[in-house]
Amino acid sequence: MNPLLPFLMAGDPSLEALPGLLAEAKALGLEAIELGLPHSDPIADGPVLQTAAQRAIARGATPLRVLEALAGITESPDIILFTYLNPLLQLGAERLLSLLGPTPVKALLVVDLPFGEEVGFEAQLRSAGYPMVPLLAPTTTLERARQILSERPDPGPAAPFAQRFAYVVARLGVTGTGQGTDLQPVAQRVGDLKGLSERPLAVGFGLSDLKSLAAIRALGATPVIGSALVQELAGGRSLSEALSERLVADA
Amino acid sequence: MTTGFSLPSRFGAQFLGGCYAPETLMQPLLDLEAAFQAALSDPAFQTELKAELRHFVGRPTPLTPAPRLAAKLGLKALFLKREDLTHTGAHKINNALAQAILARRMGKAEIIAETGAGQHGVATAAACARLGLSCTVYMGVTDMARQAPNVARMRLFGTTVVPVEAGQGTLKEAVNEALRAWAGRCDKAHYILGSALGPHPFPTLVRSFQTVIGEEARAQAMEQSGSLPEVVLACAGGGSNGLGLLVPFLDDNLRRVAVEAGGHGQALGEHAARLDGGRMGVLHGCKTLLLQDEHGHTAETASISAGLDYPALGPELAALALDGKVEVRRASDEDALFGARLLCESEGILPALESSHALALLSALAAEGAATVLLGLSGRGDKDLSTYQSRLGI
């Protein structure tokens, strides 16, 4: 099981630092990471990721420059590109695919794209090897979860984690540390979803302390660490410092 | 493939609109659509809404002939649909009140709303006070400064006004923050969106609660002058007022015109004119004409009018414009100020800066040969007094 799925904001602290961060992540043994494409209107993000996106945009981390910075990088975990839809639509599927080709990106997590809204675009990306990560929120009924998992199907056990996993949103609201996340409903939800599907699950939103990460692992799922990590990196910690304990912490 | 909605979520030949929402909000949006449909077919809802619109809002609003202004502009006749005379002073109350009743039916005791000019915020705050719902309104700090009287009104009605510091501190940022807040409280709260935008079903919901404007105006025009005007004219930010007035005239053989904010220049960032300046994109849950840069980041906007200062045209109005059913024009800040002054001096009516953009277009319409015009006066201008004072030197 993948023990941790970290989130980094592309271009924060800088695009020049990105190859080094990815190499460091790979050296830590990480199988996959989420890489955020900074957006002007991140409606699903809390203050930490909003500010990180603003910093990155101010330093020139446009979608195009981020994808160009990723081209040719091999020393990297598999990348799940975390983004809002509009920048992708403006590139268009053809151009996006040619930009993604030489990068370690393996899947897309498009926060504001429910299944069924851009059918052709999504199908074109999936058939080229870039599936959309299914998101399951606390408000998602099990019936809807079943539908989401079938609209965004599991490519099967031979595919890497990045292309197989479903993202379980641990609580209502936006990304960020904020108040602690109540893990009781999360345990219930993960149990229910495991009954629906064989695919790996990642759980994120409001998780950062060692105890929460261990609790998610104990459920057989991969914890996601985002805002807390972005904040620590902005404060000058290295990726290894921020993640070493979190990678080994166990229940 | 079914997305689970039963009403059409797309508009026009280019399928604008849709529901581009984070997954957390999908079930609340599905529930909202179901509740909306149930309410529409429930006579009890219709009866309550009609009674509240009459006794609380003050509907029907008058259709006022404006003969002195018409003569000055070279028009044969001009009629003003007086949404400025509704309780709280703008058309926004039609939708805010209806959605508040809907929220109560859904068992939601908390209301979240965004506001630009503050008119939707004030309307929502008033509706919530009347229905006993708690209310939180998100408002950009720039708008709070330029529409200070409306902030005070909301607070008097017991609403919490949350300042939004991000970006330009205008309507776009307020919507961002309201959507985030709703994602956190969607189990208890209903989000009363004020413009005909956002994810499905909001554009349809808002339009259907605003078409009372055009339905009344059409019947009043027939009753008062025995015929329909040659042009029906309204200002358009997201499109709640534009659609509200224009949609009931869609089957008529006349010109339907919406006016956007031309701001103070032609370059991106100097206006909020989406039809010429925008490209197809997705913002706040819908696909529509959007002012954006080449990277798909939302562009900055500018307008003297907080209510029109928004980077996206509502999807249904954009679709009607692209399909040739509504003409979309623009009026600059200066033109709007001129239009406001003309109405004040000719007819003794102080218009909101938003409505002044429609007034600004009248002379152009007269020059194009229009003789009879019906104009939607979306709101009153008391909230804009400080801008009028400083810009007009009075």
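**Exercise 1.** Explain why helix 7 and helix 9 of chain A count as oblique to each other.

*Solution.* This is a predicted model, in which local features need pLDDT of at least 70 and side-chain atom pairs count only at pLDDT 80 or more, while totals for chains, interfaces and linings use all residues. Residues are numbered from 1 along each chain as its sequence is written, and chains are lettered from A and ligands numbered from 1 in the order in which they are written.

Step 1: find the helices, which are DSSP runs (H or I, at least four residues; strands are E, at least two), numbered from the N terminus.

Step 2: take the axes, lines fitted to C-alpha atoms, for helices over the stretch in contact, with angles from 0 to 180 degrees between N-to-C directions. Here they cross at roughly 50° and come within 11 Å.

Step 3: classify. Under 35 degrees is roughly parallel, over 145 roughly antiparallel, 65 to 115 roughly perpendicular, and the rest oblique.

**Exercise 2.** Which residues make the contact of helix 7 of chain A with helix 9 of chain A?

*Solution.* Contact needs C-beta atoms, placed from the backbone, within 7 Å. Helix 7 brings L142(A), A145(A), R146(A) and L149(A), and helix 9 brings D192(A), L193(A) and L196(A).

**Exercise 3.** Which strands stand at the edges of the open sheet in chain B?

*Solution.* First, write the order of its six strands: 3-4-14-9-10-13, with mixed pairing (to pair, two strands need at least two DSSP bridges). Next, look at the ends: strand 3 (63–65) and strand 13 (327–332) each have a single partner strand, so one side of each lacks a neighbour in the sheet. Finally, look inside: strands 4 (77–82) and 14 (372–377) of chain B pair in the parallel sense over six bridges, and A77(B) stands opposite T372(B).

Methods
Contact = placed C-beta atoms within 7 Å.
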